[in-house]
Amino acid sequence: MKPEFDLHSFLPFLMHHASEKVSFGFRDIYRDQYRMTRSEWRVLATLGQYGALTATEIVTHTGLHKTKVSRAVFSIEQRRWLKRRQDEQDRRIQRLELTSQGQSAFASLCKAGIAYDQKVRDFLGEDDFSRLSALLTKLNDL
């Protein structure tokens, strides 16, 4: 007897589609307001959140492939939102940090992110939103 399998109730399938739906809602904001890609947004947000980092540290924080980080860094640098500086202890390493314009863009997108997050909270309700956040955090430890 063949086991029952329903793709539409399969957890990875459900999570992927829910993630895409939620991500696309916010993507419209950073894409339309700043003409940014998802990788550029994630690099900008990581630098805004953590301060100066190496490209390798950005890869670790974002989970993006190093070539995507490299392209995003290049694009953000072309906008003059990012600057490079040599590491004081190891001159082979470059630290990447946001310029004042990059910090301003990050702050603006944070406000938009908070508003978008609230929209999702309102849709789910506070209890479900909190429960979902806790479950996703737990799944990340799997």
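Arg 35 is exposed, at a relative accessible area of 62% (exposed means over 50%, buried under 20% and partly exposed in between, with a 1.4 Å probe and protein chains only). The model is predicted, so local features need pLDDT of at least 70 and side-chain atom pairs count only at pLDDT 80 or more, while totals for chains, interfaces and linings use all residues. Residues are numbered from 1 along each chain as its sequence is written, and side-chain values use heavy atoms, without hydrogens and water.

Arg 35 lies in the loop between α1 (11–34) and α2 (38–50) (helices are DSSP runs of H or I with at least four residues, strands runs of E with at least two, numbered from the N terminus). Its phi is positive, near 55°. Most residues other than glycine have a negative phi. Arg 80, in the loop between α4 (66–78) and β1 (82–86), also has a positive phi, of about 65°. Arg 80 is exposed, at 62% relative accessibility.

The largest pocket is lined by 36 residues, and Ala 18, Ser 19, Val 22, Ser 23 and Leu 136 lie nearest its centre (a pocket is an open set of points on a 1 Å grid over the protein atoms alone, where a 1.4 Å probe fits, with protein on both sides within 12 Å along at least five of seven lines; lining residues have an atom within 4 Å of a point). α1 gives the most to this lining, with eleven residues; α2, α3 (55–62), α5 (100–124) and α6 (126–140) each supply at least two.
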